[in-house]
Structures are given as structure tokens and as C-alpha cells.
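Thanks for coming, everyone. Please have the viewer open while I talk.

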Amino acid sequence: MTRKLITGYSNPTIKFVRSLRDKKHRRREARFLAEGLRLLTDARETGRLPEILLMATGRDPHPLLDDLEAAVVGAGGDVIEVPIDILAKVTGKDNPQAVCGVFAEWDTALAGVDRGNAPIWLVAQAMRDPGNLGTMLRTADAVGAGGVILIDDCVDPFSVEAVRASMGAIFTQRLAQARWEDFIAWLRAGPGQLVAASLREAVPYRGAGYARPCFVMVGNESRGLPEDYEMACDLRVTMPMKGRADSLNAAVAAAVLAYDVLATFD
């Protein structure tokens, strides 16, 4: 099994990998970074392998890493060993995990979504926090959703922070991106109930009339959903706030609603 050792920051491959932390370079190259053996193993189990596998010198041996390395080599990818300080530069973390990979981005067009594949889908509108997006992806995985649809100007789902926060769900969930007008036209062209967390003419979320396939939508963390988006929904639901806070975190609200929809369908 062939490995290449790189020890210099100025190496073109290291510069390329490090550049993928920048959105404009990710878009230009259609490549992104994912860090950690568990996350890369999840990717492999879904049929996705890194084109470049970076491993820290002096790392502890692990059979999963051996299997991953063999799979990357077998697929014609590159396996590179680097000192831990270079891996820290590449990932932007002072204490990086011992392995990271460069993956090709995949198609996120809405046209590729088969709404009949699952009873629940999550929809995020103008979500800006990568941690929230990662949480939504993990929630979608947990409730058996078909995936997450990003509406309008959301955070880059392939950013290092979003990928890390997804804990591998970026690889297990169908991901789509669209403008609102394209999404609502697509949704109305077939079956699908659009549900929003809202205070406008809303009914209690418990016992609401959810229907398959159910698209659970939450809005921007600070502004929520635009009023016209909410009014275009088939169902608007509200959750009780017993304390002083006037709203839930967007990703938390999506999780609460998704589990209630799941309970209804089960």
C-alpha cells in the first residue's frame, strides 16, 4: 500500500487542501474537507470515499483506518502522511483528529429529490449557523427523514464547521438547495404538506393534522420565516413557551416538530 510523506507547509497538495476551508475555493474546486475517522467511516459506508486521505504521522493504529486506506487506494485516491502540526493547519484546529479527507461535492439540485422516499423532510430557510445545520442533519438522520432542503441563502453545508457539526449525517442525508420560488413550485407539483413553526394563525403542534410526506420548515435564527412563506404553508403550528424565552433555537424547534410528526406517523 503506497503512502506519500509530506512535511512542508509549502507543498502544493497541502496548500490545496488547506484552501478548501475557504468557501470560494470550495465552490471553484467542488471539493470539501471532512475530519475524523468516524465521519470518514460513515462516508465510506454510504459509498463515498475521499479523493485525498491525510493521516497524521505517529497516529495510533486502527482497523477502520486500515480499511479506509485500502479502499481509497483501491479507488485510485491519494494517501498522504503529514506531521500533526500540518494537519492542524489544514483543519484549523489546535488539536486535530488524526485523519481527514478531501471529498468531491455532489449534486444538490432539488430535481434530484424523490419526495416519496420518506414520510418526513426538514426544510431550513436562510439558516446561517453551521452548528444549527449540522444539528438539523443529525435530527433528519435520527427521525428517518429523507433529508434536508436548504432554502434561499443558507450557510454552506460543505463548510468545515457544518460538516463537523453533522457528525457524519452530511453523508447519510439527501441534501438539496433551492430558492423559495423554485422550492414552492416543486412542492406544489406533487404530494407534500408544508408545515411551519409559527405564531401566525397557528394550532398547537401536539395532535396537529400532519400528513405524508411532511416538510417541516424553520426559518432564520434571528428573523424567523418571512410572513408570505408562512402563509404559503399548509399547516402552521406553535409550541408552548413556559419560561421567559419567546422562541426556541431553530434547529431545536425542527427536532421537536420532527419527532412529533414521527410519533404521529408511527
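First, the ground rules. This is a predicted model, where local features need pLDDT of at least 70, side-chain atom pairs count only at pLDDT 80 or more, and totals for chains, interfaces and linings use all residues. Residues are numbered from 1 along each chain as its sequence is written, and side-chain values use heavy atoms, with hydrogens and water left out.

Let's start with the sheet. Helices (H or I, at least four residues) and strands (E, at least two) are DSSP runs, numbered from the N terminus. Two strands pair if DSSP finds at least two bridges between them. Here 7 strands form an open sheet, and the pairing is parallel. The order is β8-β7-β6-β11-β9-β12-β10. Which strands sit at the edges? They are β8 and β10 (203-204), and each pairs on one side only. Look at β6, residues 120-125: 5 parallel bridges join β6 to β11. Leu122 has Val216 in β11 as its bridge partner.

Now strand β2, residues 31-35. Buried means under 20% relative accessible area, exposed over 50%, and partly exposed in between, with a 1.4 Å probe and protein chains only. In β2, 4 of the 5 residues are buried, so the strand is largely enclosed by the rest of the structure. β2 pairs with β5 (residues 99-104) in the antiparallel sense, over 5 bridges. Glu35 has Cys100 in β5 as its bridge partner.

Next, the cores. A nonpolar core is a set of buried Ala, Val, Leu, Ile, Met, Phe, Trp, Tyr and Cys residues joined through side-chain atoms within 4.5 Å. The largest one has 55 residues. Which members touch the most others? Phe171 and Tyr210 do. Helix α11, residues 250-265, gives the largest share of this core, 9 residues. A second, separate core has 21 residues, including Trp180, Ile184, Ala196 and Cys233.

Stay with Phe171 for a moment. Contact means heavy atoms within 4.5 Å. Leaving aside neighbours within four places in sequence, Phe171 is in contact with Phe32, Ala34, Leu39, Ala43, Thr46, Arg48, Phe103 and Trp106.

On to helix α5, residues 84-91. Its buried residues are Ile86, Leu87, Ala88, Val90 and Thr91. They pack against α1 (12-19), β2, β3 (52-56), β4 (78-82), β5 and α7. Gly92 follows α5, and its phi is positive, near 80°.

On a 1 Å grid over the protein atoms alone, a cavity is a set of points where a 1.4 Å probe fits but cannot get out, and a pocket is an open set with protein on both sides within 12 Å along at least five of seven lines; lining residues have an atom within 4 Å of a point. Grid points are joined across faces, edges and corners, and a volume is the space filled by probe spheres set on the points.

The largest pocket has a volume of about 550 Å³. Its lining has 23 residues, and Ala197, Ser198, Leu199, Ser247 and Leu248 lie nearest the centre. β11 (214-218), β12 (235-238) and α11 each give two or more residues to that lining.

The second largest pocket holds about 280 Å³. It is lined by 18 residues, with Lys23, Arg27, Asp156, Pro157 and Gln177 nearest its centre. Helix α2 supplies the largest share of that lining, 3 residues.

How many cavities of 30 Å³ or more are there? The count is 1. The largest cavity has a volume of about 60 Å³. Its lining is Leu33, Ala34, Glu35, Thr91, Val160, Val163 and Arg164.

Last, the backbone details. The peptide bond from Arg212 to Pro213 is cis, with omega near -20°. Pro213 lies in the loop between β10 and β11.

Ala30 is not a glycine, yet it has a positive phi of about 55°. It lies in the loop between α2 and β2. Asp152 also has a positive phi, about 65°, and is not a glycine. It is found in the loop between β7 (147-151) and α7. Buried or partly exposed? Ala30 counts as partly exposed, at 30% relative accessibility. Asp152 is buried, with a relative accessible area of 15%.
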